[in-house]
Each structure stands twice: as structure tokens, then as C-alpha cells.
Amino acid sequence: MLKKLIAAASLAALVAGAGAANAQQTLRYAFQGNLNTLDPHSLNETTTLGLQGNVYEGLTARDKDLRIVPGLAERWEVLDNGLRWRFYLRKGVKFHNGNDFNADDVVFSTARTLARNSQLAVRLPRDIEAVKVDDYTVDFKLKTPNPILHYSWDTWYMMDKEWTEANNATQPSAPQDPTPSFAVLNANGTGAFRISEHQLGVRTVFEKNPNWWQKSEHNLDRVIFTPITSAPTRVAALLSGEVDIIDPVPLQDVARINASPNARVLEGPEIRTIYMGFDQMRPELTASSVKGKNPFKDMRVRKAFYQAVEIEAIKRQVMRNAATPASSLISPLLFPQVSQIQRHPFDVAAANKLLDEAGYPRGADGTRFEVDLDCPNDRYVNDGPICQAVTAMLARIGIKINLLAVPRAQFFAKANSPVFNTPFYLLGWTPGTMDAHNVLNDLMMCRTPDGSGGRGQFNNGGYCNPKVDELALKVLVEIDTAKRDAMILEAFKILHEDVGYIPLHQQALAWGVSKNVDIVQRADNQPLFYWATKK
Amino acid sequence: MLAFIIRRMAQSVVVLLTVALIAFALFRFVGDPTQQMVSQDTSVEERMQIRKDLGLDDPVPLQFLRFIGNAARFEFGVSYQNKQPVAKLIAERFPATMELALASALFALFVGIPMGVFTGLYPNSVVSKLFQMISLIGVSLPTFLIGILLIFVFSVSLGWLPSFGRQGVVKLGSWTTSFLTLEGWRSLVMPAITLGLFQMTLIMRLVRSEMLEVMRTEYIRFARARGLSSRSINFRHALKNTLIPVITITGLQLGSIIAFAIITETVFQWPGMGLLFLQAVQTVDIPIMAAYLLLVATLYVVINLIVDLLYSAVDPRIRISGKAA
């Protein structure tokens, strides 16, 4: 108690002295959600991992343009035809508590990540084996070659074996565990900042790590993270100068922030793709006026829907130009070759013709058929309004949409595995591995009725083409990059010709940033304070 | 008296059970909590396992009985999102909400009553008209709008008050307070006004109409005839007799202040129970929702009981009989 009081008093003194001395730089960052856990192996979610990335580090890292660069490993090599990966660890790296970082920590972190209740287990193949060669060399042994093993290791963080064992936190907490693991509220990493205060849902203070092995690009002494749920309050806090960075900025406030004297909006493309999907699996749709058959099994119907969507109007009117229309399910930032695919053109006449050919003539009231559209209304930027716009656009070709825009919690429970109870839906996807194979595997491969089996789990509509499956399986083990990319592109071209989905756009990131602050906005939307400077 | 209290306690148990049942029924429709707990890469098999581990696949009556059984022992489980015991999370947030509610209630009373007395005594003055207008705004504008307006005037334009958060917090044992520092008061002013404005206007209007009524009665006229000072007449004789309904309303409204704090707390990012609840709704964190709803229901019941007991203290003519409720 007394200790806490002294700590609080000295912190207050530090904050009070900040203005006068000018030596102390404090960056204040406000996000719409909480930082729910400090445990780096517990929750596989972008913002959580991004905030943790200021404290913990992985063997690899990604630079400002998302290229893979060495992290806690200085270099690595692939041996035995891709069955053994050797990582050479950086020497002289210390955890925040002073312990050395070495091979034991890597072997320990591997085991902890593969443990039950670790959501980060997806970073590693199930059958991987970490073997200590010497104190600063680790071998990862695989059963099958994996060309993209290290692609997502920038957010697979290393923990200190001694610290974690001493605090009885050798496993991430289970969902129903009555006593949470020590690592949920405490952290001990190797990164640029250490956690000096963590009040769940109120604020988290990141203190500069003076012994960081990297040369600091930032000039911060401290970062204060505060969740601010309400968007207008977030904007007000930025405009009044109480915080330096807010994420996200509502699109309608962009102009106002840019017009203000002390802040600006940092916009950039995000790697998430927003798209619409059709139920192509059930013999009859769950909610449609068409009985006895499934209109979306007919490619002409899917293409008619696609061509009726005026993507430029959505970009201009709904997204206020903060979107890049997409031609496929992956961002060109992650797979540049996808730019070779052109969207099917917006053409209402062609769409009407396709529906006539498919055998869905207009009725007396001009309607061809009715179908439900399931949509989240609090998940993606302007997701509800996008669906409203699509509803109006499809009315032009005689499709009556019954729009069901609901909060994400209800939406996911209805549209995702294992029920997939939706005929027509809107969803967004960012490949967790930053690699196209994840899109092929999760969105494009044929799935089982409940999505189990590890393939097509988010292929909610059940799109299925054996040729795509064949390519996806080959891509998984192909080591040659050129061949691999060609096969990926072919799979996306087949999907495009099949009109398996209607890709819409990549939404833009929008951060509100004080004019005193410079920060790098990476396309994966991670707030990385070690690239921030404050005047 | 004792019989009355016991009877009320028995009624309270029924009320709480009903709230628990309704809340539990609602949880069927808020969505699937596991969807909010896992990552997009979590396999269907693991999702099923989590559902099983949490007991979400058990029959609904069994889940309800388990919940009631745990609640009776004050066991509310662990938050799905934070992995923290719910009782601890709520205990941490409780002081913030109570202090905010207390400040709002005091604001409503100490501003509302004088304004009501004034408008009651001088119904035709310009100031009274102004007060009436303010009260109209307080009744008609929704809370979140008042909050945002205050933020834009006093934080963004004037820069006088902080726009969010609870600052200057001092720890007193297991309680946290923002009453002891200037920073604390600065961050409390706007949320308290936002939350209390509706109650203030309600009290003002109530006192005003009661005053108008009382001032016409015989005993006030006799008091004037006796040559008592107008201060003594207005406050000792008139106001005192208007206070019964004010106490009722204030008491009952204290419950709704705590419940309505959800919106104010969200607008000002005030780290109280309401904010915790709202975030729990968004992420389908059922243990937090259940515990919060039960706690608010309990507070309502307790406040109502206290109000009933206060009646007899203020007005000796009212005697609580064993039959009345």
C-alpha cells in the first residue's frame, strides 16, 4: 500500500515535471477497445498483439513496409529440404527483469504457445519441435516442408522461462479458469518499453526500456494508453490536446480534425478486404422466396449480383473515398500480382440479362426474388451503410433484399461456423499469416457442413471448386517462390471466373494524430510506439 | 416495523430471482460468447471445446440453476474477456459509479431545490422563466447529447475541463476516491452534471409545484398574519412541507441514476460499472452482465426500502403498518 502510494506520488511528480523540464516526453494514445490481456500467447487479435509488440518481441520482425527482418534472431537458414529451420539468436539481449535471452527461452516459448488455450498456437505447425543446439542456436524440426513458417513470427513473442516459471504462468489461462495467470496482468519482455502500470480497462503505462538492444528511433520516455469507447469523446480528447493519437477516427470527423489547428488525420490502406458471399452449398436457401432450388448455385445469378454493385458509388458516397476497390479477396499490399485481375464491370443491363437467362423473370411488381442479407453493423468501417447501399443497388435489377444489420456478436453467431445460417452476407478478412495461402485455405477451399477439418472454415457460403483445392494443397508445400505465386494467382483467377464472392474494397485506416507527433502507420494497423517521435 | 422489513426482504428475493430469470433469458439472444473469445484462426473443433468447457452446451434449466446457485454464494465466475474474477472487476469499478451517482444526486438536490423554491415564490420573474427554460432542456435532451455538448464547450473550445476519464484518484484501502484532489473534482464536474441534469429538473419542477400549492394554504397566511419573517415562512414552514415527495423521488431516482450511469460513463469514459457493463454487452461477456444486473436490482430494492423507512422519520403522521408496502 505504502509502496503504491510512493510510486503514485513519484509518478505524479514526474508527470507534473514533464512540462517544465521538457526532458520527459509522454505520448498519450487512445483506442476504442481495451487491452484485455498482457499475456502474449493468450489472444490472437491485431490490436492486442500490436500493443504487446511494444513490450515483447519475436524471433523475426516486420519493418515499416511489412517486410520480414531479423528480430531476436540475427539470421536463420532452411536445412534438410525445408524440414529443419535453424535460428541464430541475438546475443546480449536482456529481458526487462535483467535475465538473459537465450535458446532455453525459445524452447520454452514454443511449448507454451503449443499449450491448450493458447490462441497463438496457429503460429506454429502442430508437429513442430524446437531443439536447443547451443545457448544461442535453435533448430525447428518439421514433418512437412513449410515455406512460410516464419511469416507470422513477428507477432509470436518470446517469454522469459525463469520469470514465467517463477510466477507459475507456464500456460495461458483457460477460458473458465477461476484464477487468471500472472502473465495476464504483468509483463516481462525484451522490447522497447516495459509495463509500469496496468489498470485493466482504465489505463496502461509503458515506460521506456533504457537497455533495449536496438538503437531507439523514438524519443519517448513514457506512453499512456487509455481506452475511449465513445467516438465523439475520442475526437474531442484529440482536439483538446488531452491525447496525442486516436484510433480509429470516424469518417465523418476526418475533415473536422484536418481543419483543426493541432491535429491531423493519418490515412492509409489497410490489408483487410471487405467482401460479400453467397450460400452456394445448401440445396435451398435458408431465407429466400425461391423454393426448391438455390439460385446462388447458378454462376449467372452470382455474376448478376456482382455486376449490379456500383463499387465506385460505395467508395465515394459511403466510404467518403477512404477505400480502395478490390478485385479479389487479398490486398495487393500482400500479394501484388492480384492487380492483374480486373473487377467484373458495373453493368445493370448485363446483370438484368443474366438473371433473365438464369430463369428469374420479373414478377408483376418488378421483383425477381427475395433474399436476406446478413450484415454486422459495428465491425467494419460503415458496414451497415454499405449493406444499405447494396440493398438499393440490387433493387434496380429486381432483387428484393431483406437487410438484417445486427451487432457483430449476433452476426458472427449466425453467419460463421458451425451453423453458417445465412444466404447472403458481408464479411472482412485479413490473413493472419500475411500470406495468400491463408485466404485460399480459409475462404476458398471446399468445406464440411460445420466447417471442421481445418479447411474453408470461413468459406461461409461453401464455395467449392476442386481445382482451387488442388492448387491450395500444392501452394502449401511449394518452396519455389515464382511457381508458388503463379499457382496462387491461378487460384484467384478461377475464383474470379466462378464469381465465388463479390470483393468490395480494402477500407482505409484513419488515425487522428497531434501535429506534434510523428508515427509510422503500418498497413496492419499495429500501434508501434518505437517509431513515434514527439516534439 | 421488523415484520415490515422481513416482508420486504422476502419480496426482494422474489424480485431478484425474477431479474435473474429475465436476464438469463436475454443472454440467449445476445450472441455466441465464444465468437468473441477466439481468434479467426481458431478451429471449429477448439471453438466447440470452449463452448463445452464454459458449460454453454448444457440444457438451459441446468445452466440457470448453476448460475443461481453460484450467485447465492456470491460466485459470479470469471470474465470471458479479461480472465479476471467478475466480483473483483465489479468491486474495482463500484467506487467510481457510486461517487458519480452521489455527486449527481447532490447536484440535483442542491441546485434543484433552490431553483424550485425560487420559481415557486416568484413564478413571474424573468429568472424563473430562465430556470423553466433550463429545466425544459434538461428534460428533453438525451443524456449522451448533453455530455457531448458539454465536452465540446468546456474541453474542446474553452479547454477548462478534461473530456474523459477519472483523474486524481486516491486509494483509501479498498475504496478509490476522486473527491480528495482538484484533478478529481475537475474530471467529475461534467459527468455529474450530465447524469444529474434530468433529476435536477425533475426536483425543481416538483418543488415548484409543491411550493405554489403550499403558499396558498391557510397556515402560511396565518404565519404571515403573525408577522413571521418571510425567510422563516418560506423555508421553515413552506419548504419543509414540500419535502415528502422530493424524498420519494430522490430516493427512487438514485436507483435510476446508478442504472443510467451506463450512458454517461460511456460518453466520458468514466471507469465505472456501467462502462464495464456496456463493454460486456458488446463482447457477450455473460458473467459480467449477469452480476451487474443482479447488483443493480439489489441496489434498487435496498434504496426503495430505505426510502420507505425515511418516510416515517420525516413525517410522523405516516406510520408504517405491517400491512402497507
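Student: How many residues of chain A are in contact with chain B?
Tutor: In this predicted model, 44 residues of chain A are in contact with 45 residues of chain B.

Student: Which helices of chain A supply at least two residues each to that side?
Tutor: Helix H5 (231-239) and helix H11 (408-415) of chain A each do. H5(A) gives the largest share of the side of chain A that touches chain B, five residues.

Student: And by class, what is on that side of chain A?
Tutor: The side of chain A that touches chain B has 21 polar residues, 18 nonpolar and five charged.

Student: Change of topic. How many helices and strands are in chain A?
Tutor: Chain A has 14 helices and 19 strands.

Student: What does the radius of gyration of chain A agree with?
Tutor: With a compact globule: for 535 residues that would mean a value near 24 Å, and chain A has 25 Å. The C-alpha trace of chain A spans about 80 × 60 × 45 Å along its principal axes.

Student: What percentage of chain A is buried?
Tutor: Buried residues are 49% of the 535 in chain A. As for contacts in chain A between residues at least 6 apart in sequence, 70% of them join residues at least 24 apart.

Student: Now helix H7 of chain A, residues 299-308. Mostly covered or uncovered?
Tutor: Mostly covered, with eight of the ten residues of H7(A) buried. Among them are A:Val301, A:Phe305 and A:Tyr306, and also A:Arg302 and A:Lys303.

Student: What do the buried residues of H7(A) pack against?
Tutor: Four elements of chain A: strand E12 (263-278), helix H9 (348-358), helix H10 (383-395) and strand E17 (501-514).

Student: On to strand E7 of chain A, residues 137-141. Which residues are on the covered face?
Tutor: A:Val138 and A:Phe140 form the covered face of E7(A), while A:Thr137, A:Asp139 and A:Lys141 are on the uncovered one.

Student: Why would side chains alternate like that?
Tutor: Because in a regular strand the side chains alternate between the two faces of the sheet.

Student: How many bridges join E5(A) to E7(A), and in which sense do they run?
Tutor: Strand E5 (residues 84-89) of chain A is joined to E7(A) by five bridges, and the two run antiparallel. In this pair A:Tyr88 stands opposite A:Thr137 of E7(A).

Student: And how does E6(A) pair with E7(A)?
Tutor: Strand E6 (residues 129-134) of chain A pairs with E7(A) over five bridges, in the antiparallel sense. A:Glu129 stands opposite A:Lys141 in E7(A).

Student: How many residues are between E6(A) and E7(A)?
Tutor: Two residues, and the two strands form a hairpin.

Note on methods: Residues are numbered from 1 along each chain as its sequence is written. Chains are lettered from A and ligands numbered from 1 in the order in which they are written. A residue is buried if 20 or more other C-beta atoms lie within 10 Å of its own, exposed if 12 or fewer, and partly exposed in between; C-beta atoms are placed from the backbone. Two strands pair if DSSP finds at least two bridges between them. Two residues are in contact if their C-beta atoms, placed from the backbone, lie within 7 Å. Ala, Val, Leu, Ile, Met, Phe, Trp, Tyr, Cys and Pro count as nonpolar, Asp, Glu, Lys and Arg as charged, and the others, Gly among them, as polar. The radius of gyration is taken over C-alpha atoms; the globule rule is 2.2 Å times the number of residues to the power 0.38.
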